[in-house]
Amino acid sequence: MTAMPPETPQDRWTARLVELDNTHVWHPFTPMRQWLEGGDEPGRLIVAGEGFELIDQAGRRYIDGFSSLWCNLHGHRVPQIDQAICSQLEKIAHSTLLGHACPPSIELAERLARIAPAGLTKVFYSDSGASAVEVATKSAFQYFRNIGQAGRQRFIALREGYHGDTLGAMSLGGIDTFHTLFRPLLFETTFVDSPNAYHHPAGEQAGRAVLDQIAAILERAGDSYCAVITEPMIQAAGGMLTHRSGFLRGLRELTERQGLLLIADEVATGFCRTGRLFACNHEDVSPDILCLGKGLTGGYLPVAATLTSRKVFDAFRGAVTEGKTFYHGHTYTGNALGCAAGVASIDLIFSSGLLDGLAEKARLMGDRLAELRDHRHVADIRQCGLMVGIELADDRKRRRGFDPAMQVGAAVCRAARKRGILTRPLGDVVVLMPAPAMDMETLERLLRGIIETIQEHFAAGTV
Ligand SMILES: *Cc1c(COP(=O)(O)O)cnc(C)c1O
């Protein structure tokens, strides 16, 4: 590939950054050979953001169609959050929660307890979704030890589930591409099918069928299980796999009946993504443990949290010598700047009336994308609130996907950049996850752009 000779200082700066990136930065979830061959393609280097747009090295603007990987809520450069971080910076950036407290983490915990599903009143902080899941896993395991049921050690999780990339979180993950290689390093988990109607042989009855699977497992060896973990309502990284209504509620009833803990991983679904504040709200479910991350700070800073019920927390109280203490923590647990951003973001959700507009935005997405329903390469369109997956397939009738080597999903998303849209696929599922605060006009442009991209891509015969 021959690049134009650098001209302006700006061009030289960009070329230098791309060169240094290639020399030193190893990108996550990125086939690096391809990346190194990419040069300074449009949209590669994001140098700024404004509202719902991202701006690249050449000043080109793109609609942020995936909320900067599922975390942005209110847009970029939001004055209220910018200001909250600056104000906190004038006091202190970070002070440890190990043996000390700090105002922002207290204020954020109070808000989280107030808005979370009922009964989740205790907040344990960490700094990524994966860590929040580690905390959930370890605390569920230790909970049963602390209450004298040490035999309850195993977890049930869903195939196609995703809970993060650390070893514990991966042990609960059911995505072959990410997890199979590492199985020898992971603890053993019992997997059940994903209750998605398109991918499960039982179709519309998938939810019931999977609950029956879990019930059968518990029938045989119920007292060796400590918890079931699920992404409520929709499995995001697995391909935006929506669940039948009633599954989550059924799972809550089943775990309660059997004395297991229910862990809801709302790292992706939390904070308005699904059309409600939390996905659990759709079925009026309170899990025993709730994992939050991604949108917790409005997409600004890496703060995650694991909320538990009083029942779980109380099992960890005891004399030091009883061994009930939860020996887990991270250096940046409860980081002050991050928590200040979290407080500002949550306050903004309510002061801006964000929740009120979600149904209308979700409806617009569904209505517009219906145009693709009959497209010969669109096999399924799945949606839960503002989380959408458009599954592309070679043969929609036989549900046969494209050859993965063709990377059709990636090609479509690359084509979308020409129309000023950035998003990232999950295999051949094109993901749309606009910020919940995105205005209707920008949302319309995003939808139009994606529809036209898909139509044009296949019309040109360039699958
Ligand atoms: C993204 C995600 C995680 C992991 O969060 P990180 O911050 O990337 O570690 C965990 N669970 C779910 C459901 C996620 O979507």
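Let's start with cysteine 226: in this predicted model, cysteine 226 is buried, with a relative accessible area of 0%. How many disulfides does the structure hold? The count is 0.

Now for the strands. An open sheet of 4 strands runs in the order β1-β2-β3-β15, and its pairing is mixed. At the edges stand β1 and β15 (421–422), each with a single partner strand, so one side of each has no neighbour in the sheet.

| Hairpin | Residues between the strands | Glycine in the turn | Positive phi |
|---|---|---|---|
| β1 and β2 | 2 residues | glycine 51 | about 60° |
| β2 and β3 | 4 residues | glycine 59 | about 80° |

Strand β1 covers residues 46–50, and β1 and β2 pair in the antiparallel sense over 4 bridges. Which residue of β2 is the bridge partner of glycine 49? That partner is leucine 54.

On to the other hairpin. β2 pairs with strand β3 (residues 61–64), again in the antiparallel sense, over 3 bridges. Leucine 54 turns up here as well, standing opposite tyrosine 62 in β3. Isoleucine 55, for its part, faces arginine 61 of β3.

Which way do the residues of β2 (residues 53–56) point? Glu53 and Ile55 go one way, while Leu54 and Asp56 go the other. There's a simple rule behind that kind of pattern: side chains in a regular strand alternate between the two faces of the sheet. Whichever way they point, all four of these β2 residues are buried.

Last stop: helix α14, which spans residues 408–418. Its buried residues are Val408, Gly409, Ala411, Val412, Cys413, Ala415 and Ala416. What covers the buried residues of α14? The cover includes the strands β14 (387–392), β15 and β16 (429–432), along with the helix α15 (440–459). After α14 comes glycine 420, with a positive phi near 75°.

How values were computed:
Residues numbered from 1 in each chain as written. Predicted model: local features only at pLDDT ≥ 70, side-chain atom pairs only at ≥ 80, totals over all residues. Heavy atoms only, no water. Buried < 20%, exposed > 50% of the residue type's maximum accessible area, 1.4 Å probe, protein only. Pairing = 2+ DSSP bridges. Contact = heavy atoms within 4.5 Å. Disulfide = S-S within 2.5 Å.
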